[in-house]
Amino acid sequence: MEQLSDNKSFGGRQLRFKHPSATLGCDMTFSIYLPPQACSVQGGANGGNKIPLLYWLSGLTCSDENFVIKAGAQRYAAEHGIAIVCPDTSPRGDGVPDDAEGAYDFGLGAGFYVNATEAPWAQHYHMYDYVVQELPALINSNFPVDPARAGIFGHSMGGHGALTIALKNPTQYKSVSAFSPICSPMNCPWGEKALGNYIGNNRDDWRQYDATELLRSASHKLPMLVDQGGADNFLKEQLKTELLLRASIEADYPANIRLQAGYDHSYFFIASFIGEHIEFHAQYL
């Protein structure tokens, strides 16, 4: 790994790295916050107590840095002694294909946390495997974290990623939460575009990446918290929170799905409730 930055924050360290990814076939960046309870990153996984960790998945157009700069999460991570890992949202670099029209909702910055099967996306766009397998292996071997105490959360496209990944891998995470998640990509324009291009036109293949469908059939029920802003412009057309709520009731899944009146889709919303989300995860980590 190549270290790109190191900033002290609330007694801990906010770090950023670049590394070659075999899963994605390109160089990737990620950020990690190590709270003061962690040992120095130069010490690796030795020389200090291992701490719990959270994986944060960001939304469309974001990189690994948006959450780090805007959410104000370091204060709460330091209080609870939890590391936070923030991957990028897609593969990047020369040779990585992008949307032909440069649209923000597909291609670079919009990996949707799936494993693409369709050309030309299948060569690089395996963000699901990267987040579930390659990145955790890298984190676990280089930082003083306890993989048995991991949670996952995210926003919008990243909320979709957090919910689907947790529901598909319930023994890998102790808890999951989301801000403004795309709850049913099978039933919204963002999701239909992404899944149709990355996965193909067989809608049955899309179900494996739809949180509402996965929740209905979940046998292992993880602690789940979802916050949705009531003034979110994307709520009705893209996010479909009511579908997730209905599925949780029908499946008797104990999800805490909250509508926060007056809040929009922005990081102002995330920053307002990030402390509550980290405290929620801390109960289980």
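## Cysteines

A search of the whole structure finds zero disulfides, a disulfide being a pair of cysteine sulfur atoms within 2.5 Å. The model is predicted: local features need pLDDT of at least 70, side-chain atom pairs count only at pLDDT 80 or more, and totals for chains, interfaces and linings use all residues. Residues are numbered from 1 along each chain as its sequence is written, and side-chain values use heavy atoms, with hydrogens and water left out.

Cys 26 is buried at 11% relative accessible area. Cys 62 is buried too, at 8%. Here buried means under 20% relative accessible area, exposed over 50%, and partly exposed in between (1.4 Å probe, protein chains only).

## Helix H3 and its bend

Helix H3 covers residues 127–142. Helices (H or I, at least four residues) and strands (E, at least two) are DSSP runs, numbered from the N terminus. H3 bends by about 35° at Leu 135. Pro 136, a proline, follows within four residues. The bend is the angle between axes fitted to the seven residues ending at a position and the seven starting there.

The buried residues of H3 include Met 127, Tyr 130, Val 131, Glu 134, Leu 135, Pro 136 and Leu 138. An α-helix has 3.6 residues a turn, so residues three or four places apart point the same way. The buried residues of H3 pack against strands E2 (12–21), E3 (26–34), E4 (51–57), E5 (83–87) and E6 (145–155), and against helix H4 (157–168). Contact means heavy atoms within 4.5 Å.

## Aromatic pairs

A pair of aromatic rings is described by the distance of the centres and the angle of the planes. Rings of Phe, Tyr and Trp (its six-membered ring) pair if their centres lie within 6.5 Å; planes under 30 degrees apart count as stacked, over 60 as edge-to-face and the rest as tilted. The count comes to 20 aromatic pairs. One of them joins Tyr 104 and Trp 190, with ring centres 6.5 Å apart and planes at 90°, so this pair is edge-to-face. Tyr 104 sits in the loop between E5 and H3, and Trp 190 in helix H5 (residues 189–198), so the pair ties together parts 86 residues apart in sequence. Tyr 104 is partly exposed at 43% relative accessible area. Trp 190 is buried at 4%.

Phe 280 and Tyr 284 also pair edge-to-face, with centres 5.4 Å apart and planes at 65°. Phe 280 is buried at 11%. Tyr 284 is partly exposed at 37%. One aromatic cluster holds Trp 56, Phe 67, Phe 153, Phe 179, Tyr 263, Phe 269 and Phe 273.

## A charge over a ring

Lys 168 lies over the face of Tyr 209, at 5.5 Å from the ring centre. The rule asks for NZ of Lys or CZ of Arg within 6 Å of the ring centre and within 35 degrees of the ring normal.

Leu 195 is in helix H5. Its relative accessibility is 0%, so Leu 195 counts as buried. Which residues does Leu 195 contact, leaving aside neighbours within four places in sequence? They are Val 114, Pro 185, Met 186, Gly 200, Trp 206 and Tyr 209.

Thr 212 is in helix H6 (residues 211–216). It is buried, at 2% relative accessible area. The side chain of Thr 212 reaches the backbone oxygen of Cys 183 at 2.9 Å. Beyond neighbours within four places in sequence, Thr 212 contacts Cys 183, Ser 184, Leu 243, Leu 244 and Ala 247.

## Backbone exceptions

Most residues other than glycine have a negative phi, and most peptide bonds are trans. A cis peptide bond joins Ala 119 and Pro 120, with omega about -5°. Pro 120 is in the loop between E5 and H3.

Thr 61 has a positive phi, near 75°. It lies in the loop between E4 and helix H1 (65–70) and is exposed at 52%. Ser 156 has a positive phi of about 60°. Ser 156 is in the loop between E6 and H4 and is buried at 2%.

How values were computed: Polar contact = N/O pair within 3.5 Å; in protein donor to acceptor, adjacent residues only side chain to side chain.
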